[in-house]
Amino acid sequence: MLTPQQARQRLRRVSSLTINEASNLDSLLTDLLSEGCHFLCVDQITVWLINDIDSAEYLHCVASSCEIDVQTIPNLDIAQHPDYFERMFKGETIMANHQLQSTHNDQSDNVANTILDTVIFHNGKAQGVISCKTKSPHCWSNEDIVYAESLADSCSRRLMALETLKLQNKLSELVFVDALTGLKNRRYFNERVQSAKNSQYRMQTPLSLIMIDLDHFKHINDEFGHKAGDIVLSQFARTCQKQLRLEDCLCRYGGEEFIIILPYTGEQQASQLAERLRVTIENMVIQHEQRIIKLTASFGVAEMALEHSIEDTIKKADVAVYQAKNAGRNCVITLC
């Protein structure tokens, strides 16, 4: 049996583990709640968060140590439990030693519970509570309270870490994603193509690029308006994405120019893909304000040989597009 100090040290180690973005808060906090149940010898620990930290209306359950669907647990409304919320906002630890029905009932529980609720703080404000519950009589010791408060602090750090991770992901999207089409942008392409080149060296596999330039795009903007041009770019991006594999990467290179990174793909396969894309784009029907917009594109294909640099291959694909334009547009040119 761990001593209280050993248990808190173990909790600190567990809570410091690096997290990835969890699919939900339940999976994010599972290991912490398991630690709490083991030391406190309780039947269940649940995590409840306020719907809005600046304008609280209710607490909702987001995680549980038990294998239950937290979505089925009813919310705890502030209007129905004003005293409980008042104590929570003050940061008080709330205990009930088998004297009254638990405020937090799951879908099957209507019996008296012994509860210990400790507040989760965020930026100095009450964000929610950790609710420890057992159906047997239990007198909470000072050591139990200290541990439960440590558990609440650990959960708070996890939640803040997740919030930071989500913010970093949003910032990454702003840096690497083209807002109009949703595709990765040129900055991302520069990083991704270097990574693909490194993999090509290690694994001795083929790597190809396809450069795409939409035909007469300025004419579309002039005749139908820039809003129509934006619709064309977005629909073009969605249509092409559907034709690609997960490992392929379509990026907006600039304006009406796009580029595809094709790992594990040689010149012949890349040319075949470019031709399929060309036909698909030619058959697109884009409607705007009861008018039909037709679209074609010119394609340049270049395989990146092991001895070739990224810059040389991009230039070769660009030259191939230029030749496709001179050949009448709406065609694929492959340069060896």
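Helices (H or I, at least four residues) and strands (E, at least two) are DSSP runs, numbered from the N terminus. With that in hand, we can walk through this protein chain.

Please keep in mind that this is a predicted model, in which local features need pLDDT of at least 70, side-chain atom pairs count only at pLDDT 80 or more, and totals for chains, interfaces and linings use all residues. Residues are numbered from 1 along each chain as its sequence is written, and side-chain values use heavy atoms, with hydrogens and water left out.

## The whole chain

The protein chain has nine helices and 13 strands. Its radius of gyration is 29 Å, well over the 20 Å that the globule rule gives for 336 residues, so the chain is more spread out than a compact globule. Here the radius of gyration is taken over C-alpha atoms, and the globule rule is 2.2 Å times the number of residues to the power 0.38. Along the principal axes, the C-alpha atoms fill a box of roughly 85 × 50 × 35 Å.

How much of the protein chain is made up of buried residues? The share is 46% of the 336 residues. Buried means under 20% relative accessible area, exposed means over 50%, and partly exposed is in between (1.4 Å probe, protein chains only). The accessible surface of the protein chain comes to about 17,600 Å², and 48% of that belongs to carbon and sulfur atoms. Such areas come from the Shrake-Rupley method with a 1.4 Å probe; for residues, only the protein chains shown count as cover.

Now for contacts, meaning heavy atoms within 4.5 Å. Of the contacts in the protein chain with a separation of 6 or more, 62% are accounted for by residues 24 or more positions apart.

Arg 252 is found in strand E8 (residues 249–254). Is Arg 252 buried or exposed? Arg 252 counts as buried because its relative accessibility is 16%. Its side chain makes a polar contact with the side chain of Asp 178, at 3.3 Å. A polar contact is a pair of N or O atoms within 3.5 Å; within protein, one must be able to donate a hydrogen and the other to accept it, and residues adjacent in sequence count only if both atoms are side-chain atoms. Leaving aside residues up to four places away in sequence, Arg 252 touches several residues, including Asp 178, Leu 180, Thr 181, Leu 233 and Phe 258.

Ser 234 lies in helix H7 (residues 226–241) and is buried, with a relative accessible area of 13%. Not counting residues up to four places away in sequence, Ser 234 touches Leu 180 and Thr 181. A polar atom of the Ser 234 side chain lies 3.3 Å from the backbone oxygen of Leu 180.

Leu 49 is found in strand E1 (residues 44–50) and is buried, at a relative accessible area of 7%. Among the residues that Leu 49 touches, not counting those up to four places away in sequence, are Leu 25, Tyr 58, Ile 120 and Leu 159.

Ser 154 has its place in helix H4 (residues 142–176). This serine is buried, with a relative accessible area of 1%. Not counting residues up to four places away in sequence, Ser 154 touches Leu 11, Ser 15 and Leu 32.

Arg 12 lies in helix H1 (residues 4–15) and counts as exposed, at 61% relative accessibility.

How do separations in sequence and in space go together?

| Pair | Apart in sequence | C-alpha to C-alpha |
|---|---|---|
| Arg 12 and Leu 151 | 139 residues | 8.8 Å |
| Leu 49 and Val 14 | 35 residues | 21 Å |
| Ser 234 and Gln 71 | 163 residues | 36 Å |

## Two positive phi values

Most residues other than glycine have a negative phi. In His 216, phi is near 55 degrees, a positive value in a residue other than glycine. His 216 is found in the loop between strand E7 (207–214) and helix H6 (217–224), and counts as partly exposed at 48% relative accessibility.

For Tyr 264, phi is near 55 degrees, a positive value in a residue other than glycine. Where is Tyr 264 placed? Tyr 264 sits in the loop between strand E9 (257–263) and helix H8 (267–282), and is partly exposed, with a relative accessible area of 41%.
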